[in-house]
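The sequence and structure are shown first.

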Amino acid sequence: GEEGYGKFVVETSSGETLRAAKGVLSVGAWANEVYGFEDLLKVERRVLHWFKPSDLELYRNLPVWIWQYETGSGKQGAALYGFPHQPGYSHAEGVKIARHGLGKDGSGGTKDNLFPESPNELDRDVEEGEIELMKSIVGPLLPTLAGESVATETCMYTMTPNEDFLVDLKPGGKVVYVSPCSGHGFKMVPCMGEIVADLAMNGRTEYDISFMGVEELRKWKGKGAK
Ligand SMILES: Cc1cc2nc3c(=O)[nH]c(=O)nc-3n(C[C@H](O)[C@H](O)[C@H](O)COP(=O)(O)OP(=O)(O)OC[C@H]3O[C@@H](n4cnc5c(N)ncnc54)[C@H](O)[C@@H]3O)c2cc1C
(Lines give C-alpha, C1' and ligand atoms only; values in the text may rest on other atoms or scores of the structure.)
Protein backbone atom coordinates (compact mmCIF):
# COMPACT_ATOMS: atom_id res chain seq x y z
CA GLY A 1 0.00 0.00 0.00
CA GLU A 2 0.94 3.67 -0.22
CA GLU A 3 0.91 6.27 2.55
CA GLY A 4 1.25 10.06 2.78
CA TYR A 5 4.57 11.93 2.49
CA GLY A 6 5.35 10.02 -0.71
CA LYS A 7 6.41 6.96 1.19
CA PHE A 8 5.96 3.48 -0.23
CA VAL A 9 4.89 1.05 2.48
CA VAL A 10 4.76 -2.75 2.28
CA GLU A 11 3.14 -4.85 4.98
CA THR A 12 4.29 -8.45 4.71
CA SER A 13 2.16 -11.46 5.64
CA SER A 14 4.51 -12.06 8.60
CA GLY A 15 3.56 -8.65 10.02
CA GLU A 16 6.71 -6.76 9.02
CA THR A 17 6.38 -3.18 7.72
CA LEU A 18 8.89 -2.05 5.09
CA ARG A 19 9.17 1.61 4.07
CA ALA A 20 10.86 3.11 1.01
CA ALA A 21 10.70 6.27 -1.06
CA LYS A 22 9.64 4.26 -4.12
CA GLY A 23 8.51 0.75 -4.92
CA VAL A 24 8.33 -1.69 -7.81
CA LEU A 25 5.24 -3.87 -8.20
CA SER A 26 5.71 -7.04 -10.27
CA VAL A 27 2.81 -9.32 -9.39
CA GLY A 28 2.42 -11.31 -12.61
CA ALA A 29 -1.13 -12.50 -13.31
CA TRP A 30 -2.52 -10.49 -10.37
CA ALA A 31 -1.64 -7.16 -12.05
CA ASN A 32 -5.20 -6.17 -13.05
CA GLU A 33 -6.38 -6.54 -9.47
CA VAL A 34 -3.36 -5.16 -7.63
CA TYR A 35 -2.70 -2.22 -10.01
CA GLY A 36 -6.42 -1.41 -10.41
CA PHE A 37 -6.40 -1.90 -14.20
CA GLU A 38 -9.84 -3.60 -14.38
CA ASP A 39 -9.78 -5.59 -17.63
CA LEU A 40 -6.75 -4.04 -19.37
CA LEU A 41 -4.86 -7.34 -19.14
CA LYS A 42 -6.13 -10.78 -19.97
CA VAL A 43 -5.08 -13.87 -18.04
CA GLU A 44 -4.77 -17.03 -20.14
CA ARG A 45 -4.74 -20.55 -18.75
CA ARG A 46 -1.80 -22.54 -20.15
CA VAL A 47 -1.13 -26.26 -19.83
CA LEU A 48 2.35 -27.80 -19.80
CA HIS A 49 2.78 -31.46 -20.75
CA TRP A 50 5.45 -34.07 -20.07
CA PHE A 51 5.38 -37.10 -22.38
CA LYS A 52 7.52 -40.21 -22.09
CA PRO A 53 9.23 -40.78 -25.44
CA SER A 54 9.93 -44.24 -26.79
CA ASP A 55 13.66 -43.44 -26.56
CA LEU A 56 14.56 -41.00 -23.79
CA GLU A 57 18.23 -40.92 -24.88
CA LEU A 58 17.19 -39.51 -28.24
CA TYR A 59 15.83 -36.42 -26.46
CA ARG A 60 18.99 -35.72 -24.41
CA ASN A 61 20.64 -33.69 -27.15
CA LEU A 62 17.55 -32.05 -28.55
CA PRO A 63 17.90 -28.25 -28.60
CA VAL A 64 15.26 -26.01 -27.05
CA TRP A 65 12.83 -25.65 -29.96
CA ILE A 66 9.70 -23.87 -31.17
CA TRP A 67 7.59 -25.07 -34.10
CA GLN A 68 4.83 -23.10 -35.84
CA TYR A 69 2.92 -26.07 -37.21
CA GLU A 70 0.06 -26.29 -39.67
CA THR A 71 -2.92 -28.51 -39.04
CA GLY A 72 -4.12 -31.15 -41.47
CA SER A 73 -6.67 -28.70 -42.86
CA GLY A 74 -3.86 -26.24 -43.61
CA LYS A 75 -4.89 -23.82 -40.86
CA GLN A 76 -2.13 -22.24 -38.86
CA GLY A 77 -1.90 -23.91 -35.49
CA ALA A 78 -0.44 -22.53 -32.31
CA ALA A 79 3.33 -22.62 -31.88
CA LEU A 80 4.58 -25.64 -30.01
CA TYR A 81 7.75 -25.46 -27.97
CA GLY A 82 9.77 -27.95 -26.03
CA PHE A 83 12.96 -28.82 -24.27
CA PRO A 84 15.55 -31.58 -24.29
CA HIS A 85 15.18 -34.28 -21.67
CA GLN A 86 16.36 -32.69 -18.41
CA PRO A 87 17.48 -35.22 -15.81
CA GLY A 88 17.31 -33.77 -12.32
CA TYR A 89 14.36 -31.50 -13.09
CA SER A 90 10.72 -32.14 -12.26
CA HIS A 91 8.92 -34.94 -14.13
CA ALA A 92 12.31 -36.16 -15.45
CA GLU A 93 10.78 -39.42 -16.66
CA GLY A 94 9.23 -37.33 -19.42
CA VAL A 95 10.06 -34.53 -21.85
CA LYS A 96 8.41 -31.12 -21.52
CA ILE A 97 6.31 -29.70 -24.34
CA ALA A 98 3.68 -26.93 -24.48
CA ARG A 99 1.83 -24.55 -26.75
CA HIS A 100 2.64 -20.84 -26.94
CA GLY A 101 -0.38 -19.36 -28.73
CA LEU A 102 -3.96 -20.55 -28.63
CA GLY A 103 -4.01 -21.31 -32.37
CA LYS A 104 -6.76 -20.86 -34.91
CA ASP A 105 -7.41 -24.57 -35.14
CA GLY A 106 -9.24 -25.02 -31.86
CA SER A 107 -6.13 -26.56 -30.34
CA GLY A 108 -6.15 -24.01 -27.52
CA GLY A 109 -7.84 -26.65 -25.45
CA THR A 110 -11.13 -28.26 -24.69
CA LYS A 111 -11.77 -26.24 -21.55
CA ASP A 112 -14.27 -23.39 -21.54
CA ASN A 113 -12.22 -21.59 -18.94
CA LEU A 114 -9.19 -20.48 -20.95
CA PHE A 115 -9.61 -16.96 -19.57
CA PRO A 116 -10.19 -17.02 -15.79
CA GLU A 117 -11.93 -13.95 -14.38
CA SER A 118 -9.26 -13.84 -11.71
CA PRO A 119 -5.97 -15.76 -11.30
CA ASN A 120 -7.41 -17.09 -8.04
CA GLU A 121 -10.03 -18.91 -10.11
CA LEU A 122 -7.58 -20.66 -12.45
CA ASP A 123 -8.77 -24.20 -13.15
CA ARG A 124 -5.68 -26.32 -12.45
CA ASP A 125 -7.33 -29.64 -13.34
CA VAL A 126 -6.28 -30.93 -16.75
CA GLU A 127 -8.86 -33.05 -18.57
CA GLU A 128 -8.00 -36.25 -20.38
CA GLY A 129 -9.27 -34.60 -23.58
CA GLU A 130 -6.61 -31.90 -23.30
CA ILE A 131 -3.87 -34.53 -23.09
CA GLU A 132 -5.32 -36.44 -26.06
CA LEU A 133 -5.54 -33.22 -28.07
CA MET A 134 -1.89 -32.41 -27.37
CA LYS A 135 -0.89 -35.95 -28.27
CA SER A 136 -2.74 -35.68 -31.58
CA ILE A 137 -0.84 -32.47 -32.39
CA VAL A 138 2.58 -33.78 -31.33
CA GLY A 139 2.12 -37.18 -32.99
CA PRO A 140 2.57 -36.14 -36.64
CA LEU A 141 5.47 -33.83 -35.75
CA LEU A 142 7.48 -35.90 -33.25
CA PRO A 143 6.07 -39.43 -33.43
CA THR A 144 8.49 -40.86 -30.85
CA LEU A 145 7.38 -38.28 -28.25
CA ALA A 146 3.61 -38.78 -28.38
CA GLY A 147 3.67 -41.61 -25.86
CA GLU A 148 2.52 -41.88 -22.27
CA SER A 149 1.60 -38.63 -20.52
CA VAL A 150 3.61 -38.58 -17.27
CA ALA A 151 2.58 -35.16 -15.95
CA THR A 152 0.73 -31.93 -16.66
CA GLU A 153 0.84 -28.55 -14.96
CA THR A 154 -1.15 -25.37 -15.43
CA CYS A 155 0.11 -21.82 -15.31
CA MET A 156 -0.91 -18.38 -16.56
CA TYR A 157 0.13 -15.91 -19.24
CA THR A 158 -0.70 -12.25 -18.51
CA MET A 159 -1.55 -10.83 -21.94
CA THR A 160 -1.36 -7.13 -22.76
CA PRO A 161 -3.62 -5.87 -25.61
CA ASN A 162 -0.65 -5.75 -28.03
CA GLU A 163 0.88 -9.02 -26.75
CA ASP A 164 3.94 -7.09 -25.60
CA PHE A 165 4.97 -5.98 -22.12
CA LEU A 166 3.75 -3.44 -19.59
CA VAL A 167 6.18 -1.18 -17.74
CA ASP A 168 5.24 2.28 -16.52
CA LEU A 169 5.43 4.74 -13.66
CA LYS A 170 2.25 5.38 -11.72
CA PRO A 171 1.35 9.10 -11.93
CA GLY A 172 3.28 10.69 -9.07
CA GLY A 173 6.33 8.60 -9.87
CA LYS A 174 6.55 6.64 -6.63
CA VAL A 175 5.50 3.27 -8.03
CA VAL A 176 6.84 1.33 -11.01
CA TYR A 177 4.40 -1.14 -12.56
CA VAL A 178 5.97 -4.07 -14.38
CA SER A 179 5.40 -7.79 -15.00
CA PRO A 180 2.66 -8.43 -17.56
CA CYS A 181 4.62 -9.72 -20.55
CA SER A 182 2.26 -11.87 -22.63
CA GLY A 183 4.16 -15.08 -21.93
CA HIS A 184 7.57 -14.04 -23.23
CA GLY A 185 9.11 -11.87 -20.53
CA PHE A 186 11.63 -14.14 -18.90
CA LYS A 187 14.30 -13.83 -21.56
CA MET A 188 14.05 -10.01 -21.39
CA VAL A 189 14.85 -9.89 -17.67
CA PRO A 190 18.33 -8.27 -17.99
CA CYS A 191 16.97 -5.40 -20.08
CA MET A 192 13.71 -5.03 -18.13
CA GLY A 193 15.71 -4.95 -14.91
CA GLU A 194 17.72 -2.03 -16.23
CA ILE A 195 14.55 -0.18 -17.29
CA VAL A 196 12.87 -0.79 -13.93
CA ALA A 197 15.98 0.39 -12.05
CA ASP A 198 16.15 3.54 -14.26
CA LEU A 199 12.48 4.34 -13.57
CA ALA A 200 12.73 3.68 -9.86
CA MET A 201 15.97 5.64 -9.37
CA ASN A 202 15.64 8.45 -11.93
CA GLY A 203 11.99 8.48 -13.00
CA ARG A 204 13.05 8.03 -16.65
CA THR A 205 14.96 5.73 -18.97
CA GLU A 206 16.88 6.04 -22.23
CA TYR A 207 15.06 3.01 -23.63
CA ASP A 208 11.94 3.60 -25.73
CA ILE A 209 9.20 2.17 -23.53
CA SER A 210 6.35 4.24 -24.99
CA PHE A 211 4.67 1.16 -26.50
CA MET A 212 4.61 -0.50 -23.08
CA GLY A 213 2.89 2.31 -21.16
CA VAL A 214 -0.53 1.99 -19.56
CA GLU A 215 -2.13 4.72 -21.72
CA GLU A 216 -0.72 3.21 -24.93
CA LEU A 217 -2.08 -0.20 -23.96
CA ARG A 218 -5.49 1.35 -23.24
CA LYS A 219 -5.48 2.73 -26.81
CA TRP A 220 -4.80 -0.76 -28.16
CA LYS A 221 -7.60 -2.09 -26.02
CA GLY A 222 -9.90 0.65 -27.34
CA LYS A 223 -9.13 -0.45 -30.91
CA GLY A 224 -10.55 -3.84 -30.03
CA ALA A 225 -7.28 -5.74 -29.57
CA LYS A 226 -7.69 -8.71 -27.21
C1 LIG B 1 3.90 -21.76 -19.25
C2 LIG B 1 4.75 -20.54 -19.39
C3 LIG B 1 5.85 -20.58 -20.23
C4 LIG B 1 6.64 -19.46 -20.39
N5 LIG B 1 7.71 -19.54 -21.24
C6 LIG B 1 8.50 -18.47 -21.41
C7 LIG B 1 9.62 -18.54 -22.28
O8 LIG B 1 9.90 -19.58 -22.89
N9 LIG B 1 10.38 -17.44 -22.43
C10 LIG B 1 10.10 -16.28 -21.78
O11 LIG B 1 10.83 -15.32 -21.97
N12 LIG B 1 9.05 -16.18 -20.94
C13 LIG B 1 8.24 -17.25 -20.75
N14 LIG B 1 7.16 -17.17 -19.92
C15 LIG B 1 6.85 -15.90 -19.27
C16 LIG B 1 7.64 -15.69 -18.00
O17 LIG B 1 7.47 -16.80 -17.15
C18 LIG B 1 7.14 -14.42 -17.34
O19 LIG B 1 7.35 -13.37 -18.27
C20 LIG B 1 7.91 -14.12 -16.06
O21 LIG B 1 7.77 -15.17 -15.15
C22 LIG B 1 7.39 -12.84 -15.45
O23 LIG B 1 8.13 -12.60 -14.28
P24 LIG B 1 7.57 -11.71 -13.13
O25 LIG B 1 8.54 -11.81 -12.01
O26 LIG B 1 7.26 -10.36 -13.67
O27 LIG B 1 6.16 -12.36 -12.73
P28 LIG B 1 5.85 -13.78 -12.06
O29 LIG B 1 6.94 -14.76 -12.37
O30 LIG B 1 4.46 -14.13 -12.47
O31 LIG B 1 5.89 -13.48 -10.51
C32 LIG B 1 4.91 -12.68 -9.87
C33 LIG B 1 4.95 -13.03 -8.39
O34 LIG B 1 4.17 -12.09 -7.66
C35 LIG B 1 3.51 -12.79 -6.62
N36 LIG B 1 2.37 -11.99 -6.14
C37 LIG B 1 1.20 -11.72 -6.77
N38 LIG B 1 0.42 -10.93 -6.00
C39 LIG B 1 1.11 -10.67 -4.86
C40 LIG B 1 0.83 -9.92 -3.68
N41 LIG B 1 -0.32 -9.25 -3.52
N42 LIG B 1 1.77 -9.89 -2.71
C43 LIG B 1 2.94 -10.55 -2.85
N44 LIG B 1 3.26 -11.28 -3.95
C45 LIG B 1 2.36 -11.34 -4.94
C46 LIG B 1 3.10 -14.11 -7.27
O47 LIG B 1 2.84 -15.10 -6.32
C48 LIG B 1 4.36 -14.41 -8.09
O49 LIG B 1 5.30 -15.15 -7.34
C50 LIG B 1 6.34 -18.28 -19.71
C51 LIG B 1 5.24 -18.23 -18.84
C52 LIG B 1 4.45 -19.36 -18.68
C53 LIG B 1 3.26 -19.32 -17.75
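## Ligand site and salt bridges

In this predicted model, the ligand is surrounded by 16 residues, of which the closest are Cys 155, Ser 179, Cys 181, Phe 186 and Lys 187. Sorted by class, this shell holds nine nonpolar, six polar and one charged residues. Strand S8, which spans residues 148-159, gives the most to the shell, with three residues. Domain 1 (8-41 + 161-222) and domain 2 (42-159) both give residues to the shell, and therefore the ligand lies between them.

An oxygen atom of the ligand is 2.5 Å from an N or O atom in the side chain of Ser 179. The backbone also takes part: a polar backbone atom of Lys 187 is 2.8 Å from an oxygen atom of the ligand, and a polar backbone atom of Gly 185 is 3.2 Å from an oxygen atom of the ligand. The protein covers 52% of the 1,000 Å² of accessible area that the ligand has on its own.

The second topic is charge pairing. Side chains of opposite charge can pair when their charged atoms come close. With a cut-off of 4 Å between a side-chain nitrogen of Lys or Arg and a carboxyl oxygen of Asp or Glu, the count comes to five salt bridges. The table gives some of them.

| Salt bridge | N to O distance |
|---|---|
| Arg 46 and Glu 44 | 2.5 Å |
| Arg 204 and Glu 206 | 3.3 Å |
| Lys 219 and Glu 216 | 3.6 Å |

How are Arg 46 and Glu 44 placed, buried or exposed? Both residues are buried; each therefore has under 20% relative accessible area.

For the pair Arg 204 and Glu 206, the closest N and O atoms are 3.3 Å apart. Arg 204 has a relative accessible area of 52% and so is exposed, since the class begins over 50%. Glu 206, at 68% relative accessibility, also counts as exposed.

Lys 219 is exposed, with a relative accessible area of 51%, whereas Glu 216 is partly exposed, with a relative accessible area of 25%.

Methods. Residues numbered from 1 in each chain as written. Predicted model: local features only at pLDDT ≥ 70, side-chain atom pairs only at ≥ 80, totals over all residues. Heavy atoms only, no water. Near = heavy atom within 4 Å. Polar contact = N/O pair within 3.5 Å; in protein donor to acceptor, adjacent residues only side chain to side chain. Areas by Shrake-Rupley, 256 points an atom, 1.4 Å probe, with all protein chains shown as cover. Helix = DSSP H or I, 4+ residues; strand = E, 2+ residues; numbered from the N terminus. Nonpolar A, V, L, I, M, F, W, Y, C, P; charged D, E, K, R; others polar. Domains from an automatic or database assignment. Buried < 20%, exposed > 50% of the residue type's maximum accessible area, 1.4 Å probe, protein only.
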